[in-house]
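I opened my notebook with a plain plan: pick a few spots, look each one up, and write down what I found. Come along and check each entry against the picture.

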Amino acid sequence: MNLEGKKAIVLGGTSGIGLATTQHLDDAGVTVVAGSRNPAHIETAKESTSERVSYREIDVLDRDGLATLFSEEAPYDFLVNCATGGERASGPFLQMDLDGFQGSFRKLWGYTNSVRLGTEHLPEDGAIVLVSGYPARKSNPGSSAISTVGNAVEGFVRAIAPEIAPRRINVVCPGVIDTPMFAQTGKARQQFLAQATKRMLIPRAGTADEVASAILFCLENGYMTGGTVDVEGGALLP
């Protein structure tokens with residue numbers, strides 16, 4: 001599929017994987033509406049995109065706001081949601097704050113909100129892409145909340161695909177990606193990422209651009225739906 005001249009909405013589209021996706025779509029000649037709940041991220045993102053990209057302040061947990069955005073920006077061809085929905089809980093499950101565990105599911109609720117409210121404005125050849133994460137299928141100790149949410153995202157995509165066909169929906173599963181999601185800086189950041197990836201087949205952190213290219217692949221390939229594309233440096237292998 002030639003993406004030039006298409007229109008996409010990218011939620012969480014001003015930072016990390018979402019910003020890289022916005023930039024790749026922009027480079028491909030796509031008109032992009034990038035949504036973010038963070039005004040500072042919006043201002044920074046504007047410096048790296050062309051006039052084809054517009055920005056909307058939106059929280060994916062705000063159903064009324066999402067419904068308004070989708071209605072005002074329709075028609076569009078693609079919907080990508082990279083938004084995290086909020087903080088993610090980590091640590092040993094038996095010591096975990098259960099409110100924190102439950103709060104990690106804001107990512108899933110943001111995804112279900114966007115798919116439920118955004119799909120009706122997609123054409124029959126439209127496509128949706130969501131983002132999970134490799135702990136969905138290979139969880140390390142301390143990652144139970146992240147793993148459970150990611151597993152739910154991938155299961156949601158498989159469950160929904162038959163219902164929205166012929167519109168397509170797929171999920172991209174990243175590994176450890178060097179994005180602003182990790183707060184460390186300088187040498188501490190380098191050490192953290194090196195430690196996190198040292199046992200992977202590709203022993204380095206991935207880039208947001210590498211994940212964004214997989215998201216575009218899912219949008220371009222008209223023969224994919226209900227699937228998961230792994231971009232995780234071999235993290236899922238023994």
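**Entry 1: a helix to begin with.** I started with helix H6, residues 144–164. It has 21 residues and spans 30 Å from its first C-alpha to its last, close to the 30 Å expected at 1.5 Å a residue. I kept in mind that this is a predicted model.

Next I asked myself: which residues of H6 are buried? I listed Ala145, Ser147, Val149, Gly150, Val153, Glu154, Phe156, Val157, Ile160, Ala161 and Ile164. I then looked up what covers the buried residues of H6, and the cover includes helices H4 (98–103) and H5 (106–118) along with E5, E6 and E7.

**Entry 2: the strands beside it.** I found that H6 belongs to a right-handed β-α-β unit, together with E5 and E6.

E5 covers residues 127–131. Five of its five residues are buried, so E5 is largely enclosed by the rest of the structure. Ala127, Val129 and Val131 point one way from E5, while Ile128 and Leu130 point the other way.

E6 covers residues 168–174, and seven of its seven residues are buried, so this strand too is largely enclosed by the rest of the structure. I sorted its side chains by direction: Arg168, Asn170, Val172 and Pro174 go one way, and Ile169, Val171 and Cys173 go the other. I noted that Arg168 is on the buried list as well.

**Entry 3: who pairs with whom.** I followed the pairing from strand to strand.
- E4 (residues 78–81) runs parallel to E5, and four bridges join them; Phe78 has Ala127 as its bridge partner in E5.
- E5 and E6 pair in the parallel sense over five bridges; Ile128 has Ile169 as its partner, and Val131 stands opposite Val172.
- E6 runs parallel to E7 (residues 228–231), with four bridges between them; Val172 stands opposite Val229.

Entry 4: I moved on to H1, residues 16–27. H1 has 12 residues and reaches 17 Å from first to last C-alpha, close to the 16 Å expected at 1.5 Å a residue. Nine of those 12 residues are buried, so H1 is largely enclosed by the rest of the structure. Among them are Gly16, Ile17, Leu19, Leu25 and Asp26. After H1 comes Gly29, with a positive phi near 85°.

Entry 5: Is Val30 buried or exposed? I found it buried, with a relative accessible area of 0%; the cut-off for buried is under 20%. Val30 lies in the loop between H1 and strand E2 (31–36). Leaving out residues up to four places away in sequence, Val30 touches Leu3, Lys6, Lys7, Ala8, Leu25 and Arg52. I also checked Val53: it is 23 residues from Val30 in sequence, and 8.4 Å away in space, C-alpha to C-alpha.

**Entry 6: two peptide bonds.** Most residues other than glycine have a negative phi, and most peptide bonds are trans. The bond from Ala74 to Pro75 is cis, with omega near 0°, and Pro75 sits in the loop between helix H3 (63–73) and E4. The bond from Ala165 to Pro166 is cis, with omega near 10°, and Pro166 is in the loop between H6 and E6.

**Entry 7: stepping back.** How many helices and strands are there in the protein chain? I counted eight helices and seven strands. A compact globule of 238 residues would have a radius of gyration near 18 Å, and the protein chain has 17 Å, which agrees. Its C-alpha atoms fill a box of roughly 45 × 35 × 35 Å along the principal axes. Buried residues make up 50% of the chain. Among contacts between residues at least 6 apart in sequence, 68% join residues at least 24 apart. The accessible surface comes to about 11500 Å², with 51% of it belonging to carbon and sulfur atoms.

Key. Residues are numbered from 1 along each chain as its sequence is written. This is a predicted model: local features need pLDDT of at least 70, side-chain atom pairs count only at pLDDT 80 or more; totals for chains, interfaces and linings use all residues. Side-chain values use heavy atoms; hydrogens and water are left out. Helices (H or I, at least four residues) and strands (E, at least two) are DSSP runs, numbered from the N terminus. Buried means under 20% relative accessible area, exposed over 50%, partly exposed in between (1.4 Å probe, protein chains only). Contact means heavy atoms within 4.5 Å. Two strands pair if DSSP finds at least two bridges between them. A crossover is right-handed if, with the strands pointing away from the viewer, the path from the first strand over the helix to the second runs clockwise. The radius of gyration is taken over C-alpha atoms; the globule rule is 2.2 Å times the number of residues to the power 0.38. Accessible areas come from the Shrake-Rupley method with a 1.4 Å probe; for residues, only the protein chains shown count as cover. The expected span of a helix is 1.5 Å times one less than its number of residues.
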